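Visitor: I would like to be walked through this protein with a few questions.

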Amino acid sequence: MYQVYQKPLRGTSVGVVFGTFAPLHQGHLDLIMRAKKENDGGVLVICCGNDTDDKGCQVGLTLTKRYRYMREFFKDDDLVSVHAIPDIGATTYSFENWQPWLREFDDIWFEAVDQEGGTTDEIWYVSEQLYHDDLVRLGKTVILVDRTKNPISGTMIRNNPIKYWNKIALPFRREFSHNILVIGTASEGKSTLVQDLAKYFGTSHAHEWPRDYIEEHCIADWEMGADEFLTFLIGQQKHTEAEIASPQNNGVFFCDTDAAITAMYAYKYAFDKDCAMREYDLQKYVRPISYYICDHSNWDHIFFLTPGN
């Protein structure tokens, strides 16, 4: 796996924390923050697993995605360096697999820790007795942290994410959000309903972003061509993703439009001779983008308000 460059750690000792981080939670942060505070060189965090069948993949958290979310979480902390090691062997972390895994780790250590300031000690932090015993047998300096003081695990979160929502690190919450879409024709009260639901449940919501864009730029219906509809599609998607990922999302998220609705309006305008939208642009540009966005959207429930209700 390609590693993303990060500022090398520098000090007499550097802590090491590894895990699948599916998701990253407060229990992991207990290890990472302690390692950072107890070592003047900071902490090297190793994200493990794979992109096909590990426990993170069961909830859409591939190793590639976890590695990115981990970097996002620690992006403003120069004392935390995040790297990834894919699974080696059939049984992750079995004693027989430690040697090839540690060879991968040594390569990362060489890149992640400044090699010009003298010898830097590795101090490993774990919360599992098995890992502690294996690493000690391999000659590592290991600190076993009591996990019962903050009894949370990835399994508990994956089984009931809403219950443990506040234990999940912010970038990972988007993967566990329960997303609800409300759609329908114009002037049926969707926006008001979605706003009221968000207020009632004290959570975030996404409004109809194209409406804001149209008002801000004074765009008339007949002026809407492919450029405008592509802007609507991408702008709405970015707005929705930002609200799902926002700290205000408490695990239940509401939205009052999506790409399918935007494409429906594009279709309507494409066959109106007085409008700038053309059927060729609809088929070649607008529909493919709308299909892509719909295919990559994750709605747990979709409610359709029928006309007149």
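**A cavity and a sheet**

Visitor: How much space lies in the largest cavity?
Guide: This is a predicted model, in which local features need pLDDT of at least 70, side-chain atom pairs count only at pLDDT 80 or more, and totals for chains, interfaces and linings use all residues. Residues are numbered from 1 along each chain as its sequence is written, and side-chain values use heavy atoms, without hydrogens and water. A cavity is a set of points, on a 1 Å grid over the protein atoms alone, where a 1.4 Å probe fits but cannot get out, and lining residues have an atom within 4 Å of a point; the volume is the space filled by probe spheres set on the points, which are joined across faces, edges and corners. For the largest cavity this comes to about 60 Å³.

Visitor: Which helix gives the most to the lining of the largest cavity?
Guide: The lining includes Leu233, Gln236, Asp258 and Trp299. Helices (DSSP runs of H or I, at least four residues) and strands (E, at least two) are numbered from the N terminus. With four residues, the one that gives the most is the helix at residues 226–244, α9.

Visitor: In what order do the four strands of the open sheet stand?
Guide: Two strands pair if DSSP finds at least two bridges between them. Strands β6 and β8 pair in the parallel sense over four bridges, while two bridges join β7 to β8. The order is β7-β8-β6-β9.

Visitor: Why is one side of β7 and of β9 left without a neighbour in the sheet?
Guide: Both stand at the edges, so each has a single partner strand.

How values were computed: On a 1 Å grid over the protein atoms alone, a cavity is a set of points where a 1.4 Å probe fits but cannot get out, and a pocket is an open set with protein on both sides within 12 Å along at least five of seven lines; lining residues have an atom within 4 Å of a point.
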